[in-house]
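Hi,

Here is the structure I promised to pass on.

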Amino acid sequence: MGFLLPALLLLGFLVVYPIVFSIVRSFFGADGHSFAGVDNYTGIFKGHDNLVTVRNTAIWVVVAPTLVTAIGLIFAVLTERIRWSTAFKLVVFMPMAVSFLASGVIFRLVYEQDPKMGVANAAMVAVHDTFEPGAGYPGAGPRTGKDALGTQQGDGSIVSTRQYAPGQTALVPLLRIKPEDLPDKPVQAVQPPAAKPGQLTGAVWFDFTKGGGGTPNQPNAGESGLPRVKVEAVRGGKVVGSATTRDDGTFTMKKVKGDGPVTLRLPKSNFTASYGGAQWLGNTLITPAIIGSYLWVWSGFAMVLIAAGLAAIPRDALEAARVDGATEWQVFRRVTIPLLAPVLTVVLVTMVINVLKVFDLVFIIGGGDPHASVLALQMWVESFGGGNDPGKGSAIAVLLFLLVVPAMLFNIRRLRQERA
């Protein structure tokens, strides 16, 4: 007993005393003297921001452990079937070597709204523009006055003031284009090529010469062509031809249906902002986005544990199922998963305990946004982050402790059963 006394004293000082003090403190107000009863506990479930915090914590508990376990299982199975499995495990497990603070900073940059800075939106914009490229010239419009070659309609589209017959060329100059909306490498605007019979050619360009000068409504030196602008030929309210401008702003409608003159229309889609990706850190996606970063960090941990469980499965059982005519999917679903159930349960419960304490990623990526808050972060805010109410912070800490205890007891019970 004498040998255990120092350890017991240290354990009591570092664990038992803080728990008892937090429980007692949770029944008092911010000043530490006025008795608050259970008000600090009931207050956790009152108010919009507090309810959002509780909801987010519930989402974390349900979604994150399930996804981590599922992804870890997939990775563990893959490592048994691919070459260079050791290198694969190393790459997947590597995020565990990065601190949560650094992981939060990394994903804060990944989720930047500007596609030129955020990797997530850069990938989304690249895929979107591959299938549906947009011009993205918000605010652009035609010249006004007697020299106007176009008018802006109420819906935002631009219609030419003149009509053109197949075989003619059309000029559509635009103004009020922001420098950041111009192509990164502008191409000099040029006169459109002569139209062949049955075709219609033209040019759309930024009719502005730096320093002044130039002839209005004519492509001048230094003026940029506007690429990816959709141009439609309209007759009697129906679209009879369409084309998209090239890098120099010129376009060719190779076939205009029917006879007679047409009016050119630039649809309003040309003048809406370019697709900029998702608002990852907005009110709607911020919690799923942070959970995504959590998966990146912890999937390797789950993979290693599940891979160890897979290695312990008797191969005779798998081979017997295959001999009986079971497909690989049936072997996986009816043999592998049941034999892995204890390991999967341990991983799942361990992740539940972990997500109840998640703080770093939410604090760094969320940046204090109440729409991303969870109980562990709210506990810190109330106690040390400006809330100045240790009573409420202690109540949240006690609640988290009560939520974690059943999961811990479950793990301990299972561990004892395996040793028995």
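Serine 383 sits in helix H11, residues 375-383 (helices are DSSP runs of H or I with at least four residues, strands are runs of E with at least two, and both are numbered from the N terminus). Leaving out neighbours within four places in sequence, serine 383 is in contact with Asp389, Pro390, Gly393 and Ser394; contact here means heavy atoms within 4.5 Å.

A word on the ground rules. This is a predicted model, where local features need pLDDT of at least 70 and side-chain atom pairs count only at pLDDT 80 or more, while totals for chains, interfaces and linings use all residues. Residues are numbered from 1 along each chain as its sequence is written, and side-chain values use heavy atoms, with hydrogens and water left out.

Now the cores. The largest nonpolar core has 41 residues, and those with the most contacts inside it are Trp60, Ile290, Tyr294 and Val362. By nonpolar core I mean a set of buried Ala, Val, Leu, Ile, Met, Phe, Trp, Tyr and Cys residues joined through side-chain atoms within 4.5 Å. Two or more residues come from each of helix H3 (48-79), helix H5 (100-110), H7, helix H8 (315-323), helix H9 (328-356) and helix H10 (360-366). H7 gives the most to this core, with 13 residues. There is also a second, separate core of 25 residues, which includes Ala140, Ile177, Leu200 and Phe271. As background, nonpolar side chains tend to be buried together in soluble globular proteins.

What does valine 362 touch? Not counting residues up to four places away in sequence, valine 362 touches Trp60, Ile290, Gly367, Ala372, Ser373, Val374 and Leu377.

On to the aromatics. The structure holds 16 aromatic pairs; rings of Phe, Tyr and Trp (its six-membered ring) pair if their centres lie within 6.5 Å, with planes under 30 degrees apart called stacked, over 60 edge-to-face and the rest tilted. The rings of tryptophan 60 and tyrosine 294 have centres 5.4 Å apart and planes at 90 degrees, so this pair is edge-to-face. Tryptophan 60 is in helix H3 and tyrosine 294 in helix H7, so the pair ties together parts that are 234 residues apart in sequence. Both tryptophan 60 and tyrosine 294 are buried. Ring pairs also link Trp60, Phe100, Tyr294, Trp298 and Phe301 into a cluster.

H7 turns up again in a helix packing. The axes of helix H4 (residues 85-93) and helix H7 (residues 286-311) come within 7 Å and cross at roughly 140 degrees. That makes H4 oblique to H7. Axes are lines fitted to C-alpha atoms, for helices over the stretch in contact, and angles run from 0 to 180 degrees between N-to-C directions; under 35 degrees is roughly parallel, over 145 roughly antiparallel, 65 to 115 roughly perpendicular and the rest oblique. On the H4 side the contact is made by Phe88, Lys89, Val92 and Phe93, and on the H7 side by Ser299, Gly300, Phe301, Met303, Val304 and Ala307.

Some loop residues are worth a look too. Asparagine 217 has a positive phi of about 65 degrees although it is not a glycine, and lies in the loop between strand S4 (200-206) and strand S5 (230-235). Asparagine 217 is buried, at 11% relative accessible area. Arginine 228, in the loop between S4 and S5, also has a positive phi of about 65 degrees without being a glycine. Arginine 228 is partly exposed, with a relative accessible area of 39%.

Arginine 246 is in the loop between strand S6 (238-244) and strand S7 (250-253) and is partly exposed, at 40%. Its contacts, not counting residues up to four places away in sequence, are Leu226, Pro227, Arg228, Phe251 and Thr252.

Last one: valine 24, in helix H1 (residues 5-25), is 367 residues from glycine 391 in sequence and 9.0 Å from glycine 391 in space, C-alpha to C-alpha.

Cheers

Technical notes
Buried means under 20% relative accessible area, exposed over 50%, partly exposed in between (1.4 Å probe, protein chains only).
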